[in-house]
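Hi,

Here's the structure I said I'd pass on. Have a look at it first, then read my notes below.

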Amino acid sequence: MKEHRKTSPARTRLSPFAWIGILATALFVGFIVILITADLFYIDRAALLALFTKPFILHALWMSLWTSVVTVLIALLFAVPIGYTLSRYHFRGRALIDTVIDLPIVFPPLVAGLTLLVFFSQTLLGRWIEQDLGIEFVFQPKGIVLCQFFVSASFAIRSAKTVFDEIDKRYEKVALTLGCTEWQSFRRVTLPLASRGIIAGCILTWARAFGLFGPLMIFVGSFRGRTEVLSTTIFLEQSIGNIELALAVALLMIAIALVALTAIRAVGRRGMVKL
Amino acid sequence: MIGAEGLTCRLGEFALRAVDLTVDAAEHFVILGPPGSGKTVLLECLCGLRRIDAGRVLIGEEDVTALEPRRRAMGYVPQDYAILPHLSVEENIGFGLRVRGADRAERTRKVAAMTDMLKIGRLLGRRPQGLSGGEKQRVALARALILSPRVLLLDEPVSALDEATRQEICSEISRIQKRLGLTTLHVSHNLEEALSVADRAGILMNGEFKQIGTLDDLLRRPRTADLARFMRCGNIFDGQAESDGSRSAINVDSGRIIVNGTYRGAVSVVVRPENIVVEERRAEQSLGENHFPVGLGRASDLCNYVRVDLDGPLAMVAHLSPAAYGALVRRARRELIARLDCEQIHVIEESRDSPPHRSRAD
């Protein structure tokens with residue numbers, strides 16, 4: 001076997017085509033690593049310590065975490081039924097609905113914030129919700145969740161639809177003949193098979209919500225201790241010249257994002273979830 | 001017994017059109033048809049997976065048209081088996097029992113009994129991804145049978161298997177069907193598969209049953225030229241018939257075929273390849289009735305028989321035993337004649353579903 005390995009051309013020689021791929025990968029990965037490393041060298045110990053001692057940063061961290069998690073949960077409530085409906089049912093206007101669902105993904109960030117602001121401050125329905133019903137979103141923590149949901153839920157819906165598309169309908173049909181109602185077939189067959197894709201979509205949604213900045217600045221502002229999240233902390237700190245602290249917060253966000261991406265990989269490697 | 005009365009189901013441009021079907025209790029009925037003829041759609045309509053536009057589905061005397069699939073008590077094995085990939089073999093087989101609320105002990109007992117019958121006990125702990133096609137087929141069958149269905153619906157159950165496994169599974173299906181006395185509807189596009197299991201069969205084309213009957217009827221007495229072609233009748237000649245009493249002469253392209261019975265006008269003559277006798281022409285022997293001079297053309301040895309194209313004024317295809325073919329080849333310089341037996345010739349009066357043409361397809 002050893003001799004075979006030594007002489008095998010496939011193991012020792014790479015084609016020019018393969019080298020192009022390797023080079024592109026090395027350049028891109030190197031670029032990201034260099035940028036993060038440069039940030040690491042720029043910050044000092046005091047800035048790192050401040051991450052865990054400054055109350056406004058801890059508050060922003062807490063705000064970022066809870067709002068993004070709540071956003072994911074709400075997005076999940078919409079993503080599963082919408083994704084399933086778009087995947088399984090064919091009806092007039094389906095393509096249009098599909099496109100509208102994707103719109104927030106391509107919205108310029110500031111436009112998303114502006115749109116929400118205009119709706120709640122300039123339209124009858126928006127003012128009725130804010131003033132008559134008393135459910136306030138503008139410049140309120142609830143507004144952070146709404147803003148994150150508006151911008152990021154499309155990722156969860158898209159992922160859910162894609163994974164439902166990939167599941168053979170025959171599994172559901174067999175389940176129906178084996179005694180399942182439609183709901184049981186969905187819960188016992190479709191949902192476990194879709195779990196990986198749905199979870200991956202949730203993580204993408206969370207990552208998008210967690211790092212949101214532009215729309216939040218317009219719709220809820222950045223009131224310290226109230227509507228400030230980590231992304232707006234970075235903006236505020238760098239705008240007053242506190243670059244070290246801004247970078248420390250940025251690295252904290254990168255670390256959290258890294259955990260999230262690792263979680264995606266872990267979910268991808270695991271088997272399907274039994275429900 | 002399962003039946004369909006005037007079953008109609010429209011799917012875009014395709015439609016099942018007023019399908020009538022009755023399958024007797026404990027009968028193994030095969031729905032034959034080319035791909036796209038509506039076989040799977042019909043099966044799905046029968047088990048309630050597809051909404052029908054008109055008609056009724058009956059099990060025994062009970063009208064089950066309005067019932068959900070789970071209340072019809074039909075065991076369904078779809079094409080490619082649809083073994084649930086997130087469950088083990090044991091969980092797959094016991095899935096229906098679990099949904100219906102059976103406790104663990106009952107599930108274990110019934111799964112063991114079923115796997116014993118199908119000889120798949122060793123697979124219980126395995127995941128579906130590691131199973132062979134034949135193993136998946138048995139698991140799907142066990143999963144359907146464990147609920148003691150009133151009717152078993154099999155959709156192309158062996159089409160994805162290799163030839164050896166296909167024969168083995170067909171025998172297995174047949175054995176279990178007879179043992180349990182289970183009314184079975186079996187969809188297939190494969191004639192050999194149908195021949196190996198069916199009590200009766202129906203040929204579905206373009207959403208309609210063109211003929212229903214015993215396999216002997218379908219093979220030897222197809223109602224149309226298209227059916228004859230589907231049943232691989234081999235030699236189909238279009239011609240004009242003239243009758244003189246109890247016999248008729250049919251003028252085909254380059255010959256005259258004499259048949260029993262009274263026929264007039266446009267007809268198709270069907271002669272199965274295995275019913276053609278090829279023999280050496282003796283010296284000075286004149287050509288008798290239904291004797292045609294032929295030469296041996298391209299031959300394919302298909303193990304049990306040799307398929308030979310016969311060249312001559314009336315081109316035909318014959319199935320000969322390897323020994324008979326070998327003997328003919330050894331005397332290749334002699335003249336040969338093909339002899340058709342009147343009793344084995346089937347006549348179809350006028351082509352009902354296709355323009356007249358001659359076919360020598362197998």
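Keep in mind that this is a predicted model. Let's start with how chain A folds back on itself: among its contacts with a separation of 6 or more, 77% are between residues 24 or more positions apart. As for secondary structure, chain A has 14 helices and zero strands. About burial: 35% of the 275 residues in chain A count as buried.

Now the overall dimensions. The C-alpha atoms of chain A fill a box of roughly 70 × 55 × 30 Å along the principal axes. The radius of gyration of chain A is 23 Å, while a compact globule of 275 residues would come out near 19 Å.

In chain A, helix 10 (residues 169-177) packs against helix 11 (residues 182-210) at an angle of about 155 degrees, and their axes are 9 Å apart. Angles over 145 degrees count as roughly antiparallel, so helix 10 of chain A is roughly antiparallel to helix 11 of chain A. The crossing of these two is right-handed. Where do they meet? Helix 10 of chain A brings A:Tyr171, A:Glu172, A:Ala175 and A:Leu176, and helix 11 of chain A brings A:Ser185, A:Arg188, A:Val189, A:Thr190 and A:Leu193. By class, that contact has five nonpolar, two polar and two charged residues.

Cheers

Notes: Residues numbered from 1 in each chain as written. Chains lettered and ligands numbered in written order. Predicted model: local features only at pLDDT ≥ 70, side-chain atom pairs only at ≥ 80, totals over all residues. Axes fitted to C-alpha atoms, helices over the stretch in contact; angles between N-to-C directions. Helix = DSSP H or I, 4+ residues; strand = E, 2+ residues; numbered from the N terminus. Parallel < 35°, antiparallel > 145°, perpendicular 65-115°, else oblique. Left-handed = near helix turned anticlockwise from the far one by under 90°. Contact = placed C-beta atoms within 7 Å. Nonpolar A, V, L, I, M, F, W, Y, C, P; charged D, E, K, R; others polar. Rg over C-alpha atoms; globule rule 2.2 N^0.38 Å. Buried ≥ 20, exposed ≤ 12 C-beta atoms within 10 Å, placed from the backbone.
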